[in-house]
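Have the sequence and the model open side by side.

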Amino acid sequence: GKTVDKLILDKKSTDEFHKVLRDVDKSNKPFGPSEWKFKNKEGIERTVYSTIFSIPSSDGKKEFICMDIDITQRKKAEEEIRYLKEFNQEIVEKLPIGVVRLDKEGKISYENPKMGQIVGTEKGGKSKALGMKITQMPNVIESGVVKPLEDLLAGTPFDYLVIPFISLYGKKTVLSVNGVPLFDPQGNPDGAILLIEDITESKKIEQKIIQANKELSALNAISSITNQSLNLDLILNETLDKVLEVTDCQAGGIYILNQADKMLELKSCKGLSSEAAKEVDKLKLGEGFSGRIASTGAPITVEDISQDPRLTRMVMKREGLHSYLGVPLKSKGKILGTLFVITQQDRRYNSDEIQLLASIGNQIGMAVENAYLFREAEQWIVQLEAIRNITNRLNKLNDVKTVAYAVMDEIKKVIEFDNCRVF
């Protein structure tokens, strides 16, 4: 319940922080990562890399998430190294971050034990990287950071460079790298120090927040679509666009169950050719993936539909589609149709993605139910209006034939017919 100026930031930093919030609010884009200084509850100054996202809340107002990575130890280590007149190996051995020293040609002349843990070492603790030129390491080339490293050796520092890395054990990691240039007594570039941290878990959390923000935005947009319109075609088409966007799928569709003949009718589809859309229309309950979903009410995931015997319409295979996820459209426990997404490459859908699509399916189901209720209400209004008009006209007529024609005239407005007889 406290404001940031009363918690951790001084007035100047608070004003800057509020400006960032306004920019994020206006652009709908995340801010950062950027370095901030603040004081903790004991009044001790700390340094973090901060990333800020906006998310929609239930009442329609925006809320903001600020995710911080504490880099205080690394900043202290950087300052210690920056002001050392000569490289002090005893200090560096005890640092909690990876340290690499480069000579003026860019060759790795030293790495501390922590760096050995990050990149992996051979048996006996000997590093394969010693003596290797930093710009010739495969992972460095692939990550596209050769230019900053060359600039570093020329005397230009850099901060918080994020690179993907594969250790000697084959473990995929994400590293943050700070570069500190070293100079000889005459002020000429004389190598550099790299300060390296494994931020794999932090990046995973960050990606989860970004994905959650994306999903919340999609759910908010879908809720807005379904609540602001009773035009079922509009609801289905716009909702499907959002579903494909948030799931990053190339194709998808929405079936609505015709209650009269119990057939699933394809009411909206994206990413399918007109031939495919026509061929996968009209599914019986229990037929294909969507037919089974409508029968059981349970989601279905398939990694490769071309190898699945439940596929009944072979056009989906000819379209080059692979991984399928489908969920029911439900309202008040009643199944009203199905929603599916499908990709052109192999993909395994996780439980979060299934749950997200199921939630969207429930929203669409309620929208379908509301559209049906509205349509029934409109029909009742028209029928009641016809009865009222007949009553008003009959009260003014006394000729039997005229009465009969009046009745037929009003009924025609409610029920289409080719022939009507009054006996």
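Start with helix α11 and what lies over its buried residues. That cover includes the strands β9 (251–258), β10 (263–270) and β11 (283–284). It also includes β12 (300–302), β13 (324–331) and β14 (334–342). Keep in mind that this is a predicted model.

Which residues of α11 are buried? The helix spans residues 288–296, and the buried ones are Gly-288, Phe-289, Ser-290, Gly-291, Ile-293 and Ala-294. Just past the end of α11 comes Gly-297. Its phi is positive, about 80 degrees.

Helix α7 also has a glycine with positive phi after it. Here the residue is Gly-155, and the phi is near 115 degrees. α7 itself covers residues 146–153, and its buried residues are Leu-149, Leu-152 and Leu-153. Look down the helix axis: these buried residues of α7 fall within an arc of 95 degrees, so they line one face of the helix.

Now turn to a pair of helices. Two packed helices are described by the distance between their axes and the angle between them. Take α9 (residues 232–247) and α13 (residues 351–394): their axes come within 11 Å and cross at roughly 175 degrees. An angle over 145 degrees counts as roughly antiparallel. α9 and α13 are therefore roughly antiparallel to each other.

Which residues make the contact? From α9 come Leu-232, Ile-235, Leu-236, Thr-239, Val-243, Val-246 and Thr-247. From α13 come Leu-356, Leu-357, Ile-360, Ile-364, Ala-367, Val-368, Ala-371 and Arg-375. Sorted by class, the contact has twelve nonpolar residues, two polar and one charged.

Set aside the neighbours of Leu-7 within four places in sequence, and Leu-7 is in contact with Lys-2 and Lys-39. Lys-39 is 32 residues away from Leu-7 along the chain. The C-alpha atoms of Leu-7 and Lys-39 are separated by 8.1 Å.

Finally, step back to the whole chain. How many helices and strands does the chain have? There are 14 helices and 14 strands. The chain has 423 residues, and 41% of them count as buried. Consider the contacts in the chain with a separation of 6 or more: residues 24 or more positions apart account for 49% of them. The chain exposes about 24600 Å². Carbon and sulfur atoms supply 51% of that area.

Methods: Residues numbered from 1 in each chain as written. Predicted model: local features only at pLDDT ≥ 70, side-chain atom pairs only at ≥ 80, totals over all residues. Heavy atoms only, no water. Axes fitted to C-alpha atoms, helices over the stretch in contact; angles between N-to-C directions. Helix = DSSP H or I, 4+ residues; strand = E, 2+ residues; numbered from the N terminus. Parallel < 35°, antiparallel > 145°, perpendicular 65-115°, else oblique. Contact = heavy atoms within 4.5 Å. Nonpolar A, V, L, I, M, F, W, Y, C, P; charged D, E, K, R; others polar. Buried < 20%, exposed > 50% of the residue type's maximum accessible area, 1.4 Å probe, protein only. Arc of directions from axis to C-beta. Areas by Shrake-Rupley, 256 points an atom, 1.4 Å probe, with all protein chains shown as cover.
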